Amino acid sequence: MRRLGALVVVLGAWEGVTRLRWVSALVVPPPAAVVGALGELARGGALWGHVGATVAEALGGLGLGVAAGGLLGLAAALLPPVADVLAPVMAVLNAVPRVILAPLLVIWFGIGMASKVALSFLLVAVTVFFAVYGGIRETDRRLIERVRTLGGDAWVVIREVYVPSVGAWVLGSLKLAVGFAFTGAVVGEFVASSRGLGYLLSFAQSTYNAALTVALIVLVMAVTLALFAGLERLERRLLRWRTGTVGAGGRRLGTAARTPARGEAVVP
């Protein structure tokens with residue numbers, strides 16, 4: 001309630017300042033004008049097509065980035081020669097602002113969906129790569145040795161030790177990756193596109209329509225936060241075992257739930 005009250009106060013002050021003409025409504029449009037611009041766009045029926053295009057591009061890049069980043073991170077963590085090649089490349093990609101590749105991707109893949117998915121993919125894959133790579137390297141070696149001592153092969157080690165250990169890293173990075181995926185899709189559309197929220201933003205900027213620009217920014221933030229909230233709920237559900245060793249109703253918990261936290265003594 002406090003947050004809602006604070007939001008109402010901010011919006012009210014914003015509306016009052018613009019109505020009193022302390023600032024130009026052409027530069028800082030009042031909330032009512034922003035809502036009006038969004039409503040007009042929605043009534044025209046074109047908004048949902050643009051939202052769908054951006055969401056499809058972002059989710060496409062997110063899915064491909066998670067799959068590729070996860071596999072490459074796993075390979076680099078388990079195979080040192082692969083890490084020698086991949087880790088420096090990923091470090092360089094992580095150090096530079098990858099959105100500068102957007103014009104090049106448009107040249108390579110055109111102004112359609114592929115160039116936006118490619119940019120989202122690059123932003124997400126590097127993030128997930130380091131989450132998996134770092135998560136596996138941080139896994140307690142005593143757990144691995146114990147599983148192997150009990151006869152577990154490489155697949156058992158991956159399934160029973162690495163996957164539960166890396167799960168928290170990956171789920172945590174997914175929330176960050178969602179933002180990167182939408183950044184890639186919107187920036188790609190902003191550079192060159194014929195549809196999508198980035199395209200609408202480019203149109204609003206070129207016509208100096210501040211109300212439409214703010215409305216689209218709010219819409220992108222709302223979609224991203226909705227996915228972020230969904231992933232947060234998924235993370236809490238999948239990582240329930242971290243809050244205790246015995247689940248509600250006596251349900252059986254995973255192997256990782258019974259493993260000690262890093263730094264704790266292992267009982268022989």
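Reader: Which residues form a nonpolar patch on the surface?

Author: First, a caveat: this is a predicted model, where local features need pLDDT of at least 70, side-chain atom pairs count only at pLDDT 80 or more, and totals for chains, interfaces and linings use all residues. Residues are numbered from 1 along each chain as its sequence is written, and side-chain values use heavy atoms, without hydrogens or water. Now, patch members have over 30% relative accessible area and no salt bridge (a Lys or Arg side-chain nitrogen within 4 Å of an Asp or Glu carboxyl oxygen); like charges are joined within 9 Å, nonpolar side chains (Val, Leu, Ile, Met, Phe, Trp, Tyr) within 5 Å. Here the patch is Leu20, Trp22, Val23, Leu26, Val27 and Val28, with about 650 Å² of accessible area together (Shrake-Rupley, 1.4 Å probe, only the protein chains shown counting as cover for residues).

Reader: Where is valine 28 found?

Author: In the loop between α1 (2-19) and α2 (31-43). Helices are DSSP runs of H or I, at least four residues, and strands are E runs of at least two, numbered from the N terminus. The protein has 10 helices and zero strands.

Reader: How do I read the exposure of valine 28?

Author: Buried is under 20% relative accessible area, exposed over 50%, partly exposed in between (1.4 Å probe, protein chains only). Valine 28 has 32%, so valine 28 is partly exposed. Tyrosine 208, at 75%, counts as exposed; tyrosine 208 sits in the loop between α9 (197-206) and α10 (210-238). Across the 268 residues, 37% are buried.
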